Amino acid sequence: VLKAFGQRLRSSVRVTDMVARLAGDEFTVILEGLVWPQEARIVAQKIIDAMMAPVELPDGPVRLSTSIGIAAYQGEDISPAELLHRADGLLYEAKRAGRGTFQLSTR
C-alpha cells in the first residue's frame, strides 16, 4: 500500500519536485518555483484525487486517502526544520477537518 501511495504521489508532481518518505505513512514533497499559493492548491488537489482510486490487493481493494499540510518558504529567515514543522501543524489541521483535505499557510 505504501509503495502504491508513493508511486501515485510521484506521478502527481513534476519530475523536478522531490518526494520523500519521512517515516511510517508520512511523506513530504518539495515543490520549487511555484506561484504561491494558487499552484500549491492545484498540486494538493491533484494528489488527493490521485489517492481516490482503490489499490488492488490479493485480499481485495483498499481505499486510500490523504491529508496535506502546505507551508511555503517566502524569503523569510526560517530553517528547513521550522518549515517542516509548520507543514506538520497544518497537516494535523487538515486531518481534523476530515480526510481528503489540505490546509495551507499564507504567512
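Analyst: Helices (H or I, at least four residues) and strands (E, at least two) are DSSP runs, numbered from the N terminus.

User: Good, then where is D17 found?

Analyst: D17 is found in the loop that runs between α1, residues 2–11, and β1, residues 18–23. The model is predicted, so local features need pLDDT of at least 70 and side-chain atom pairs pLDDT 80 or more, while totals for chains, interfaces and linings use all residues. Numbering starts from 1 along each chain, and side-chain values use heavy atoms, without hydrogens or water.

User: Is D17 buried or exposed?

Analyst: D17 counts as buried because its relative accessibility is 10%, where buried is under 20%, exposed over 50% and partly exposed in between (1.4 Å probe, protein chains only).

User: And which residues does D17 touch?

Analyst: Setting aside residues up to four places away in sequence, D17 touches I30, L31 and E32, with contact meaning heavy atoms within 4.5 Å.

User: Switching to charges, how many salt bridges does the structure hold?

Analyst: The structure holds 2 salt bridges, each needing a Lys or Arg side-chain nitrogen within 4 Å of an Asp or Glu carboxyl oxygen. In one of them the side chains of R14 and D17 meet, at 2.6 Å from N to O.

User: What about R86, which residue does it form a salt bridge with?

Analyst: R86 forms a salt bridge with E76, and the closest N and O atoms of that pair are 2.9 Å apart. R86 lies in helix α3 (residues 80–97) and E76 in the loop between β5 and α3, so this pair ties together parts of the chain that are 10 residues apart in sequence. R86 counts as buried, at 16% relative accessibility, while E76 is partly exposed, with a relative accessible area of 22%.

User: OK, strands now. In which sense do β1 and β2 pair?

Analyst: β1 pairs with strand β2, residues 26–30, in the antiparallel sense over 5 bridges; strands pair if DSSP finds at least two bridges. The hairpin that these strands form has 2 residues between them, and G24 takes a positive phi near 50 degrees there.

User: Which residue is the bridge partner of R21 in β2?

Analyst: R21, which is found in strand β1, has F27 as its bridge partner in β2. Leaving aside neighbours within four places in sequence, R21 is in contact with L2, E26 and F27. R21 is partly exposed, with a relative accessible area of 49%.

User: How far apart are the C-alpha atoms of R21 and A4?

Analyst: The C-alpha atoms of R21 and A4 are separated by 13 Å, and the two residues are 17 residues apart along the chain.

User: Last topic: how many residues has the largest nonpolar core?

Analyst: The largest nonpolar core has 15 residues, and those with the most contacts inside it are F5, L9, I47, M51, L64, I68 and I70; such a core joins buried Ala, Val, Leu, Ile, Met, Phe, Trp, Tyr and Cys through side-chain atoms within 4.5 Å. Two or more residues of this core come from each of α1, α2 (38–50) and β5 (67–70).

User: Which element gives the most to this core?

Analyst: α2 gives the most to this core, with 5 residues. As for F5, its relative accessibility is 12%, and therefore F5 counts as buried.
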